[in-house]
Amino acid sequence: MRFIALIIVFLCGGLLLYATADFPAWGDPNSPANSYLSPHFIEKSIEETGVPNLVTSVLADYRGFDTMFETAVVFCAGLACFLLLRNYDRKEENFYRHLPTGVIIQFKKGDKTLPVGKEFEHMDTEWVPYDLIIKTACRILIPFIQLYALYVVAHGDFSPGGGFQGGVIFGSSLILYAIAYNLRTLVQRIKEKMLGLFSAVGVLIYAGIGLICMILGGNFLDYGKLTQILPFDPGHIRAYGMLGVEIGVGITVMAVMVVIYVNIVSEGKHDEGL
Amino acid sequence: MHWQIDLIILTFTIFCALAAITVKDLLSTAILFGAYSFMMCLLWAVMGAVDVAFTEASVGAGVSTVFFVAAVFRTGRRTKD
């Protein structure tokens, strides 16, 4: 059986390699992809959209409708992860550590009187002693990562980057926070409801900007019509519209990354993880 | 100069891809997959698609490796086949 599968794989691979011979050479200016649409984007996009980065002008303006549904797909991924994995069962037993003495208390399921206060600390079942170096390094590093993520979102129309990359970087800074401290610290800092709200708000911002353009008398996502309500230079109004859209994408992606990580690493229980 | 860089990166990419599907330890597979993504990122950057390279670096090499490690942490390290 494995042998037949190997033959099929080699046949398909050989066929695909054979078909690549018919492709135009890489960077060939006379190939069909480069002879109709690309010259228009390269020559006209700055005067039509006012955005120096061609990739952003294609993604957020010429193909804005596509990108909106890509964002919706990311939102659906987070929603599916939540629906499949989220588990509201309480843990069987909890461990608390008394910080001044180091005594560990075990609580069985029925106990309602859990110790509170700063002297007691909720422990993971597989407890690892805190590492001062990792905690301090992450504490210094995380604000800069987040600042860089905001820079990537804000400069999406000038340099490589945009909402998607910026959102992923911001989300990974929060994941780093959860890894360096523990999962409970992150879940307490950013509530699950907030994450759900953020992942929906991003898509709504994107669709909302499109709808505003429609209300002002243009097509869906026709940012040029925003001049009627925003006091900006008409030459750059499309760049501002794209910035708003990128912010929406960034918010959704950031929230969805954290939702997926938290649900996978804690098996949906949101109590302990890596 | 261009094709030598291409050749080195492509060799590493194929090496990482083959290693990722043959290694028995799933944690190693996750790390090798991250290395593969990083090589792909370099390849995109060499070809001039900097936006795609950026996405590959942040999503492929960054967050998806973390997701794989998290999934391995909650399941098992050994694979049967």
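Reply: Start with a crossing. A crossing is left-handed if the near helix is turned anticlockwise from the far one by less than a right angle, and right-handed if clockwise. Here H7(A) crosses H10(A) in the right-handed sense. The model is predicted: local features need pLDDT of at least 70, side-chain atom pairs count only at pLDDT 80 or more, and totals for chains, interfaces and linings use all residues. Residues are numbered from 1 along each chain as its sequence is written, while chains are lettered from A and ligands numbered from 1 in the order in which they are written.

Me: At what angle do H7(A) and H10(A) pack?

Reply: Axes are lines fitted to C-alpha atoms, for helices over the stretch in contact, and angles run from 0 to 180 degrees between N-to-C directions. Helices (H or I, at least four residues) and strands (E, at least two) are DSSP runs, numbered from the N terminus. H7 (residues 163–180) and H10 (residues 237–265) of chain A pack at about 35 degrees, axes 7 Å apart.

Me: Which residues make the contact?

Reply: Contact needs C-beta atoms, placed from the backbone, within 7 Å. Among them are Gly163(A) and Gly167(A) of H7(A), and Gly250(A) and Tyr261(A) of H10(A).

Me: How do I read paired strands?

Reply: Two strands pair if DSSP finds at least two bridges between them. S1 (residues 94–98) and S2 (residues 104–107) of chain A run antiparallel, joined by 4 bridges. Asn94(A) stands opposite Phe107(A).

Me: How many residues of chain B contact chain A?

Reply: 14 residues of chain B contact 17 residues of chain A.

Key
Two residues are in contact if their C-beta atoms, placed from the backbone, lie within 7 Å.
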